[in-house]
Amino acid sequence: MVNHNNNKRNIFPRSLFRKNGLLKKIALSTFAFTTIMIGSAVADNQISTVYHVYINGENMGTVDNEQVVNQVIDTKIASIQKEYEDLELIADNIKLIPEQVFRSNVNNSETTKKIASTVDIVANVSAVVIEDEIIAYLSDEEAANEAIKRYKLKYVNEEDLLDIEARNKTEVVLPTLKEGESRIVDVQLVEKVSVSQEKINPSEVLTVEEALKLLEKGTLEEKKYSVKTGDVLGSIAVDHNLTTKELLALNPGLNEDSLIKVGQELNVTAFKPLLTVQTIMEEVKAEKIDYTYEIKEDSNMYKGDQKVQQQGEEGQKVVNYVISKSNGQTVKKEKASEEIIKEAIPHIVVKGTKVVPSRGTGQLAWPAVGGYISSQMGYRWGQMHKGIDIARPSNRTIKAADNGTIVSAGWDGGYGNKIVIDHNNGFRTVYAHLDSISVNVGQTVSQGQQIGVMGSTGHSTGVHLHFEVYKNGSLRNPLEYLSR
């Protein structure tokens, strides 16, 4: 007999098995279909990379490859490269941002046109920076340093500059300088100077020569002024904030007396160097030591007499100087050391102080009370006029020109009334044409003492004093010895 109940228990699991198998088949079929559908979509719309182009943050468009952009840039650089052969030219502030997309939306033609019209071509350059301010752009760091070096070479030769730079890298003890020798021990720029890397329009890049001129003068544009009617050098200088001296320095060939013409062009740009080269120099020099003058008084010698007791002699010393210069101009000179080679010997003169009433001082006083010289010593009317004539005094008193002894007092032909004084020091003085005489032969007189009254005796054309001077028997011009 067939057991129906057992058959029922066996069928259920099989049915369930068959059902689970069907579900698996459905699932596999569904996955395969989905895969086919996705694969088909990828095949129809492949993933690709595009590039969004930005210049200075502004979107220029999208291209399908970088080479398109590079070709535009290369073409633009090539168009100006000949003009700037020594410069490294690049595109400024351009960015390419890649993106992967299923569906590409690019426009190479329109984007490249925008790039070509918008992108700036700049140069990678080096800038000379002074006190944190960019002064000049040069092609590269070597050119920038060359301009700075050439500026230094205006004030120091290349050999000294190289020696100093080498010494600064090592500790070198310099040999002692000998007499007559000098050397530059240091060269420094007063201002803080550096070189930075910059990007700039290539038209703004200077040559080394242009940069040097800028450093020297502070400008590349020298202003000219055309002289107008009524202009003078002083007014032109003031109008351009210059002194006349500065204006003349800017225009070699002109001086303060130069005549300027209408239409004449003058340089009116004041040069103000942008850098200061400070040089420190050592110098050893032999110098003379001036001797001093000393005067000693001797009461045993007559006043007016003197003698050299000791002849002065110069000494000698060797001096070591440290000299500071700014752009070639000495600003400080200090004595570092000094060695006396030979002491100076003072010049000593002994002068007499002994005064004797009959002995003159050697300095003649004016022999009248005021008056003027009406006739000089020299040839007059065909003969020698041996002295000077003094006329129109305040009063007619005649005075002894110096201490002395009266050796003659009386009438002497053409001299009229005449007095002769021996001053007992080699000098004799003569007083002629006196109206009256108030001294006697042998009398001692002092300087300034009255000896007579002015008159017009003898061969005289009017009231005056004829005055003669003799030294050691030789006639002398009284004006060489008189004081008023």
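Lysine 335 is partly exposed, with a relative accessible area of 47%. Its side chain meets that of glutamate 338 in a salt bridge, 2.8 Å from N to O. Glutamate 338 is partly exposed as well, at 38%. Before I go on, please keep in mind that this is a predicted model.

Lysine 192 pairs with aspartate 132, and the closest N and O atoms are 3.1 Å apart. Where do these two residues lie? Lysine 192 is in the loop between β7 (182-189) and β8 (193-200), while aspartate 132 is in the loop between β5 (120-130) and β6 (133-138), so the pair ties together parts that are 60 residues apart in sequence. Lysine 192 is partly exposed, with a relative accessible area of 47%. Aspartate 132 is exposed, at 64%, because the cut-off for exposed is over 50%.

Next is arginine 183, which forms a salt bridge with glutamate 282; the closest N and O atoms are 3.0 Å apart. Here the partners sit in strands: arginine 183 in β7 and glutamate 282 in β11 (residues 277-289), so parts that are 99 residues apart in sequence are tied together. Is arginine 183 buried or exposed? Arginine 183 has a relative accessible area of 19%, and buried means under 20%, so it counts as buried.

There is also a network of salt bridges that links Glu146, Arg150 and Glu209.

That takes us to helix α4, residues 141-152. The helix has twelve residues and reaches 17 Å from its first C-alpha to its last, close to the 16 Å expected at 1.5 Å a residue. What caps its N-terminal end? Aspartate 140 does, with a side-chain oxygen 3.3 Å from the backbone nitrogen of glutamate 142. The buried residues of α4 are Ala143, Ala144, Ala147, Ile148, Tyr151 and Lys152. The spacing in that list is worth a look. An α-helix has 3.6 residues a turn, so residues three or four places apart point the same way.

Strand β1 (residues 48-55) is joined to β2 by five bridges, and histidine 52 has threonine 62 in β2 as its bridge partner.

Another open sheet has three strands in the order β12-β16-β13, and here the pairing is mixed. Its edge strands, β12 (293-302) and β13 (306-310), each pair on one side only. The twist averages 35° from one strand to the next. Four bridges join β13 and β16 (residues 347-354) in the antiparallel sense. Glutamine 310 stands opposite isoleucine 348 in β16.

Last, asparagine 267, in strand β10 (residues 265-267). Asparagine 267 is buried, at 17% relative accessible area. Which side chain does its own side chain meet in a polar contact? That of lysine 224, at 2.6 Å. Leaving aside neighbours within four places in sequence, the contacts of asparagine 267 include Leu247, Leu250 and Asn251.

Note on methods. Residues are numbered from 1 along each chain as its sequence is written. This is a predicted model: local features need pLDDT of at least 70, side-chain atom pairs count only at pLDDT 80 or more; totals for chains, interfaces and linings use all residues. Side-chain values use heavy atoms; hydrogens and water are left out. The expected span of a helix is 1.5 Å times one less than its number of residues. Buried means under 20% relative accessible area, exposed over 50%, partly exposed in between (1.4 Å probe, protein chains only). A polar contact is a pair of N or O atoms within 3.5 Å; within protein, one must be able to donate a hydrogen and the other to accept it, and residues adjacent in sequence count only if both atoms are side-chain atoms. Two strands pair if DSSP finds at least two bridges between them. Contact means heavy atoms within 4.5 Å. Axes are lines fitted to C-alpha atoms, for helices over the stretch in contact, and angles run from 0 to 180 degrees between N-to-C directions. A salt bridge is a side-chain nitrogen of Lys or Arg within 4 Å of a carboxyl oxygen of Asp or Glu.
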